[in-house]
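User: I want to learn how to read a protein–DNA model. Walk me through the features one by one.

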2 protein chains.
Amino acid sequence: MAGVSRSTAARALGGYGSVSHELQSMVAAAAEALGYRGNALARSVSSGRSHTIGVVISDIENPHFAKAVRGMTDAAKAAGFDVILANTDENLDAERAAVQVFLDKRVDGLIVASTSRSDSAHLLDVVRMGRPLVLFDRRPDNVEADWVGTDCYADATAVMEYLIGRGHTNIVFLSATTKTPEELESGHPLPISTIADRVRAVRTAARAAGIRYEFISDAMSPERAHEIVASLLRRPDRPSAVIASYSRLALPAFQAIREAGMEVPRDISLVCLDDAEWMTVSSPEVTAVALPAYELGLKAAEVLVGRIEHSGPDQRDHLLPATFTERGSVAKIPAGA
Amino acid sequence: MAGVSRSTAARALGGYGSVSHELQSMVAAAAEALGYRGNALARSVSSGRSHTIGVVISDIENPHFAKAVRGMTDAAKAAGFDVILANTDENLDAERAAVQVFLDKRVDGLIVASTSRSDSAHLLDVVRMGRPLVLFDRRPDNVEADWVGTDCYADATAVMEYLIGRGHTNIVFLSATTKTPEELESGHPLPISTIADRVRAVRTAARAAGIRYEFISDAMSPERAHEIVASLLRRPDRPSAVIASYSRLALPAFQAIREAGMEVPRDISLVCLDDAEWMTVSSPEVTAVALPAYELGLKAAEVLVGRIEHSGPDQRDHLLPATFTERGSVAKIPAGA
DNA sequence: GGGTCTATTGACACCGGTTTCATTGATTTG
DNA sequence: CAAATCAATGAAACCGGTGTCAATAGACCC
């Protein structure tokens, strides 16, 4: 329509090569008149860049990931990338499939919150084929890639010290993993690195202080967590404090306590290693560690984009600080009580 | 490597055309040995199918959308599609840009929670070029496409009847829109259809019952909502009940009431037209309308996939029921009080 | 045994971009 | 004024798939 060759039209629209001003505007006018829009897929096939990054997480309904993904999309958008999303529900096969599909779709890079610390062949594939990869939250043992996360060991240690400092001597750590409490106790390797770090921190701090502690795993669903806490409360040697591994566990725990006719923190204390909105309106408000989810996501995408564009060689860990927020859910137990 | 032509290799791997069993396995073996993976982009260029759907919402951090997106990804995954995501923050330009980019990336279909009821040229483009489109939550006035949502008018009416039934005669409706209260009052068209329906329901029910009511718009951020409610509480003619348009407004409202030293529902009642987790652990628990967010998302993606695959002609509205959940945040006011 | 049918295969054009290369004409240089 | 330089352009090949078509050959039919 503009009376030029395909090459010239492509140059005019693609903004590369050199085109005279006159033809430039003729082509632009023709494109406008025709309602022409470039085919980003075709462009990607030849250019090798899809301007899309793949994000693989366990569940977007989890507010932590929702915030993180928001951070990722914001950083991605600022750099001209889109985000394609997959939920794995902590299922390794689903994770592998998602990574594979995204690779097939030629994403420019991947952000993965891997469900496994050790089964990382699919991630090794990614780095082997030279696709930028950023590990999110969880850090697999043998994958050489950038990692963005928080220091779970330090955070859990701080919480333990806080509890111990307030006189607690019988603490339960509630988490969602398929490992048995005995396995946790014995230092059996855990599939998810963040949980592993927290368990290790609890064990180390409790032993150092010589206090009673117990791991309860298997709180896979909110319903199950509710049951577990309810039965915990009926025990004669009821613990003085419960540490919830994350907010989806703390909520049913809180409800179970209330339904049992007990009160936080009078009858039992509650801390969470993950913050949530509701913890600021509950009675009492819940003491928690607030993870910088949005910032983590932002950082992860920024690091990824950096790798995509500069492909520098220095992979490293990017640690962001969490903030411990004291509210009103932990009792101070008088010495000798 | 398998000693066959490109065509045959493609047929063997692509699973189309006919290939002898012998060559089929030779090609498979060669592909395996070479670690060959198809290029989904190239496939999409020639096939015209990208197996990707674009989702355009205002904010993934909003739990309503997080749940909805989870539903969408689940339905999409089941049908072999991936989801690519964009946040607009209720910014029309961002929405337009996102739709355009997704179109350029040749998504097979779009789900859009549009920020505007009337400025829908970009959506009309989508239907004009024959891309399947599903409208989510909000329904623009003149776009002929499937719509998945709830009946906001009916839900808000039910809440008003509940409040009126409990003796409330001075109600404030708190929403986040740039329109002034006077514009809301006069029936001025609102950009977002769900808010428009709610405002209309409140006005109609209040007038019918002859009670006092007031619109407060402009609660754009949680901070602003907090301020607004705080000043509301200092008024001599303090309203007896506040209806929060959605949970991100109810939370700061709840906090502001508490910080003012007042108590829900003794000093003021609170209802929300959108449910949230925290409303079950706050004291008191908050009466709210629970939107079936996950199901809405699931439905939206199912409808979209149906259109992509069968392209039937009968576009329609898909209404899902919300559930009113009475908890403890609304006082019963004795007649004549 | 000749003719038709059908499965299998390769050659080749196509999708819609990008990129290399040679050609052209104008401008700058010596 | 000839030679060198350079911007602008089109032809053609490429990216990595898919689809059409004709050639081949073995199976089947009478």
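User: Which elements supply the surface near DNA strand D?

Analyst: General idea first: a residue is near a molecule or strand if its C-beta atom, placed from the backbone, lies within 6 Å of it. Elements are DSSP runs, numbered from the N terminus: helices are H or I with at least four residues, strands are E with at least two. Here, helix H1 (6–14) and helix H3 (40–47) of chain A, and helix H1 (6–14) and helix H3 (40–47) of chain B, each supply at least two residues of the surface near DNA strand D. H3(B) gives the most, with five residues.

Two conventions. This is a predicted model, where local features need pLDDT of at least 70, side-chain atom pairs count only at pLDDT 80 or more, and totals for chains, interfaces and linings use all residues. Residues are numbered from 1 along each chain as its sequence is written, with chains lettered from A and ligands numbered from 1 in the order in which they are written.

User: Which residues come nearest to DNA strand D, and what classes make up the surface?

Analyst: Of the 23 residues around DNA strand D, Ser5(A), Thr8(A), Ser18(A), Ser20(A) and Gly14(B) come nearest. For classes, Ala, Val, Leu, Ile, Met, Phe, Trp, Tyr, Cys and Pro count as nonpolar, Asp, Glu, Lys and Arg as charged, and the others, Gly among them, as polar. The surface near DNA strand D has eight nonpolar, 14 polar and one charged residues.

User: How many residues of chain B are in contact with chain A?

Analyst: Contact means C-beta atoms, placed from the backbone, within 7 Å. By that rule, 39 residues of chain B touch 38 residues of chain A. On the chain B side, the elements giving two or more residues are H3, helix H4 (63–78), strand E2 (82–87), helix H5 (92–104) and helix H11 (247–259). That side divides into 18 nonpolar, 11 polar and 10 charged residues. Of the interface residues of chain B, 97% are also interface residues in chain A, so the copies meet through the same surface.

User: How do strands E2 of chain A and E2(B) run, parallel or antiparallel?

Analyst: Strands of a sheet pair through backbone hydrogen bonds, either parallel or antiparallel. Pairing needs at least two bridges found by DSSP. Strand E2 (residues 82–87) of chain A and E2(B) are joined by three bridges and run antiparallel. Val83(A) has Leu85(B) as its bridge partner.

How values were computed:
Two residues are in contact if their C-beta atoms, placed from the backbone, lie within 7 Å.
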